[in-house]
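Here is a short tour of one model, written to be read with the structure open beside you.

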Amino acid sequence: MRDLAENLGVLDAIRPVDSGVAEYNARSNGDHATVDEIDLADYHYPRKIMVIVSVGELSAGGTLDIDIESGDTTAALTNTDASLDQMIAAGVQVYEYKPTRRFINVEAVVAVDNVTYSVTLVMDHARFGNMGSDD
Amino acid sequence: MRDLAENLGILVSHRPLEVPAGTYNTRANGAHNTAGEIDLADYHYPRKMLVIITLGAADQSQMFPFPQATLQARIYSGTASGALVNLDKTFPVFFTPGEQIYEYETVRRYVNIECIVTNVISLYVDFAVVLVTDHARYGSMGSDD
């Protein structure tokens, strides 16, 4: 790895906010769009993605569940590719995700009581698809 | 890059929290220790690290003159523990939800990401800092392994 920034892309999928009991989807908070999905075509079809889930604080009994969903067409993310361990205490989970479909979503479900958390995606810049090589 | 996870280290410097005015040092929140510094010896002396600062929300008062909570981050470093006297980077102040990313080239063993939340009344900022480090070594070995 010659240069870290040139090799990686960073996307704040869910920004850190004290969140009430609800379902939260990628890019649906803060000033982001509310599309509930990430089109990997916008990010050069990363071959791998590090999904970084960080929990800073939970109200009593609060829980956080994270699913990674994907689909071949927009608004039809019918595949659950990964379910991370439920988080019930402050801490971090990192998951290396290998996307196989164009559209993905990181779905976060807060239950029982508030959780302050964030989800950051770190992507490689290697391409896959028709070109068959990195550029 | 053959494998993303094998090539990178992830360290959550500041866990996501809603905090009032104050100075927050790296690894001093959540269940982390309160050392206020990162010893890069614990992370194989990364050559570079991406510092990712994410702001989720910053309160704004509705009272005149509409004070706004703000966040500013700085990177300090030092060659000895507890003596981080070098200011390596000052980030722009920001107060709207968003992200700042900086590629930091490490030159000293101890590092701190200092985050300053300012406001004039009880306003809060939700933010987090994530560090992504490479695993290339530097130092006496003179090569990556």
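Predicted model: local features only at pLDDT ≥ 70, side-chain atom pairs only at ≥ 80, totals over all residues.

G62(A) sits in the loop that links strand 4 (49–58) to strand 5 (63–71) of chain A.

Is G62(A) buried or exposed? G62(A) counts as buried because 22 C-beta neighbours lie inside 10 Å, and the cut-off for that label is 20 or more. Setting aside residues within four places in sequence, the contacts of G62(A) are V110(A), V112(A), D113(A), N114(A) and V115(A). I88(A) is worth a look too: 26 residues separate I88(A) from G62(A) in sequence, yet their C-alpha atoms are 6.5 Å apart.

Zooming out to chain A as a whole, one helix and nine strands make up its elements.

| Property of chain A | Value |
|---|---|
| Buried residues, out of 135 residues | 41% |
| Contacts between residues 24 or more positions apart, out of those with a separation of 6 or more | 75% |

Now for the nonpolar core. The largest one has 67 residues, and the members touching the most others are V51(A), V106(A), A108(A) and V51(B). In soluble globular proteins, nonpolar side chains tend to be buried together.

Which residues is V51(B) in contact with, leaving aside neighbours within four places in sequence? They are I75(B), Y102(B), Y104(B), I113(B), V129(B) and L131(B).

How values were computed
Residues numbered from 1 in each chain as written. Chains lettered and ligands numbered in written order. Core = buried A, V, L, I, M, F, W, Y, C linked by C-beta atoms within 7 Å. Buried ≥ 20, exposed ≤ 12 C-beta atoms within 10 Å, placed from the backbone. Contact = placed C-beta atoms within 7 Å. Helix = DSSP H or I, 4+ residues; strand = E, 2+ residues; numbered from the N terminus.
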